[in-house]
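Good morning. I will go through one structure today, starting with its rings and ending at its surface.

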Amino acid sequence: LDRAQAAYERAFDLSTPEQLVPIALRLARLLHEDLERTDAAVALLEDAANRTPDARLWVRAGDLLRDDDRPMDAIQRYLKARELRPDDAAIQA
């Protein structure tokens, strides 16, 4: 897991905006599911979202926080996703 994390972090640092989102989502999954580091996963997703605006990053951060029983923090991330895709019914729900 340490080697995988290091490889993802290196890819994250070197990625273009087009490559960033899938790398960030995968690294956040590793941090959350395998290493049980939810706050690190959320911080990574937010960093990625600040580099390239993509609603998926904010939704995933919200999902992680919701699952961590932090609903108010989750709602804040969902609202940011809604700003990027105001007509998305899934985000509205």
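The structure holds zero aromatic pairs, where a pair would be two rings of Phe, Tyr or Trp (its six-membered ring) with centres within 6.5 Å, called stacked for planes under 30 degrees apart, edge-to-face for over 60 and tilted for the rest. This is a predicted model, in which local features need pLDDT of at least 70 and side-chain atom pairs count only at pLDDT 80 or more, while totals for chains, interfaces and linings use all residues. Residues are numbered from 1 along each chain as its sequence is written, and side-chain values use heavy atoms, with hydrogens and water left out.

What lies over the face of Phe12? Arg51 does, at 4.9 Å from the ring centre; the rule asks for CZ of Arg or NZ of Lys within 6 Å of the centre and within 35 degrees of the ring normal.

Phe12 is also among the residues with the most contacts inside the largest nonpolar core, which has 24 residues. Such a core is a set of buried Ala, Val, Leu, Ile, Met, Phe, Trp, Tyr and Cys residues joined through side-chain atoms within 4.5 Å. Buried means under 20% relative accessible area, exposed means over 50%, and partly exposed is in between, with a 1.4 Å probe and protein chains only. Helices H2 (17-34), H3 (38-51), H4 (55-67) and H5 each supply at least two residues of this core, and H2 gives the most, with eight. Helices here are DSSP runs of H or I, at least four residues long, numbered from the N terminus.

Next, the charges. There are nine salt bridges, each a side-chain nitrogen of Lys or Arg within 4 Å of a carboxyl oxygen of Asp or Glu. In H2, Arg29 and Glu33 are four residues apart, about one turn, and their closest N and O atoms are 3.1 Å apart. Asp63 counts as buried because its relative accessibility is 19%, whereas Arg66, at 46%, counts as partly exposed.

Asp68 sits in the loop between H4 and H5. Salt bridges link Asp68, Asp39, Arg70 and Asp73 in a network. The C-alpha atoms of Asp68 and Thr38 are 7.7 Å apart, although 30 residues separate them along the chain.

Last, the surface. Leu79, in helix H5 (residues 71-84), is partly exposed at 38% relative accessible area.
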